Amino acid sequence: MVILPTKDNLKRRGVLEEELCFFCCQERETAHHILWACPSAQDVWGLSIRKLQKCSLHCSTILTSKEIWQRRNCILHGGKFTHPIVVANLARDRLLQFSQANTLVINCGDLGAAETKTKWQAPPGFYKVNWDIALSTVNNCMGIGVIVRDERGHVLAAKNQTIHATHESVTGEALAALHAAEFCRELGFFEILLKGDSMSVVKAIGENTQNWLKYGQIMEDTKMVLRSL
Ligand SMILES: [Zn+2]
C-alpha cells in the first residue's frame, strides 16, 4: 500500500505541498484512508461486502481496492465521479472473470481429461489446493505458500517455504505449483482441485502436450507428480 502515489506519500517525497483527501477534505490522503476509511470508499465497501462475501475475501478486497483507486485517479485527471454501485459492480465482475480464468478442476487419475470449470462448485470428496508466491528482489528470495482445504473449507494442511533465488513471477508460480503437487503426494491427498494466480501455469498443468516455455520443465515435473497421485 505504501507504494501508492497517494498525496500523503507524494508530500513526504516533496512532490506535493498538501496532503488532504480531495474527496472529504478532512483527512490526509493515505492509502488506508483513500481505499478504506474515506466516506467515498466506505460507500463502495458497503455495497461490495454483501455481494462479494461468498467469494474469496482476499481477491475481492484487492479488486475492490483497485477499482476505488482507479476511480480516484479518473477524477484526479478530469473524469467524472463514478457511482459507488458502478464501482462495486466492476469489482464483482472482475472477480468473476478472475475466478473463471483461474479455476481448473483436475482429476489426477485422468490428467489428460482435465476440464476447465467456469464456476466454483464444492465437489464432495475433493480437496482444494491453493498456492501463492511472494517475490522479493531486494532480498533475492521468494516465498511459496500452499494450503489444502476440504469440501467444507476446513484447512487440513499448509506449508510455506523460502527459496533463496528470484524468478520471474510466472516461473515462481510454476515452482509453487510443483511444491503444491509434491505436498499433496507427501500427505496423501489424491483427488484435488488446484488453484493458482497464473492462468498460463494453471492451463499448462491441464495440457497434454509438452511445454517448451522457460518454465516448461517445471510444468512437466508437476504433471509427473500429479499422475503419480
Ligand atoms: Zn477522504
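This report covers the fold elements, helix packing and nonpolar cores of one predicted model.

## Basis and overall make-up

Residue numbers start from 1 along each chain as its sequence is written. In this predicted model, local features need pLDDT of at least 70 and side-chain atom pairs pLDDT 80 or more, while totals for chains, interfaces and linings use all residues.

The protein chain holds 8 helices and 6 strands (DSSP runs: H or I of at least four residues, E of at least two, numbered from the N terminus). Their order from the N terminus is α-α-α-α-α-β-β-β-β-β-α-β-α-α. Of its 229 residues, 31% are buried (20 or more other C-beta atoms within 10 Å of the residue's own, placed from the backbone). Take contacts between residues at least 6 apart in sequence: 59% join residues at least 24 apart (contact: C-beta atoms, placed from the backbone, within 7 Å).

## Helix α6 against α8

Helix α6 spans residues 169-187 and α8 spans 216-227; their axes come within 9 Å and cross at roughly 15° (axes are fitted to C-alpha atoms over the stretch in contact, with angles from 0 to 180 degrees between N-to-C directions). That makes α6 roughly parallel to α8 (under 35 degrees; over 145 is roughly antiparallel, 65 to 115 roughly perpendicular, the rest oblique). The crossing is left-handed (near helix turned anticlockwise from the far one by less than a right angle; clockwise is right-handed).

Contact residues of α6 include Ala174, Leu178 and Arg185. Those of α8 include Ile218, Asp221 and Val225. By class, this contact has 9 nonpolar, 1 polar and 3 charged residues (nonpolar: Ala, Val, Leu, Ile, Met, Phe, Trp, Tyr, Cys, Pro; charged: Asp, Glu, Lys, Arg; polar: the others, Gly among them).

## Helix α6 against α7

The axes of α6 and α7 come within 9 Å and cross at roughly 45°. That makes α6 oblique to α7. This crossing is right-handed.

Val170, Glu173, Ala174 and Ala177 of α6 meet Ser200, Val201 and Ile205 of α7. The class count is 5 nonpolar, 1 polar and 1 charged.

## Nonpolar cores

The largest nonpolar core has 29 residues (buried Ala, Val, Leu, Ile, Met, Phe, Trp, Tyr and Cys joined through C-beta atoms within 7 Å). Val129, Ala174, Ala177, Ala180, Cys184 and Leu194 touch the most other members. At least two residues each come from β3 (127-136), β4 (141-149), α6, β6 (192-195), α7 (199-206) and α8. Helix α6 gives the most, with 9 residues.

Another core lies apart, with 14 residues, among them Leu47, Leu63, Ala88 and Leu95.

Technical notes: Two residues are in contact if their C-beta atoms, placed from the backbone, lie within 7 Å. A residue is buried if 20 or more other C-beta atoms lie within 10 Å of its own, exposed if 12 or fewer, and partly exposed in between; C-beta atoms are placed from the backbone.
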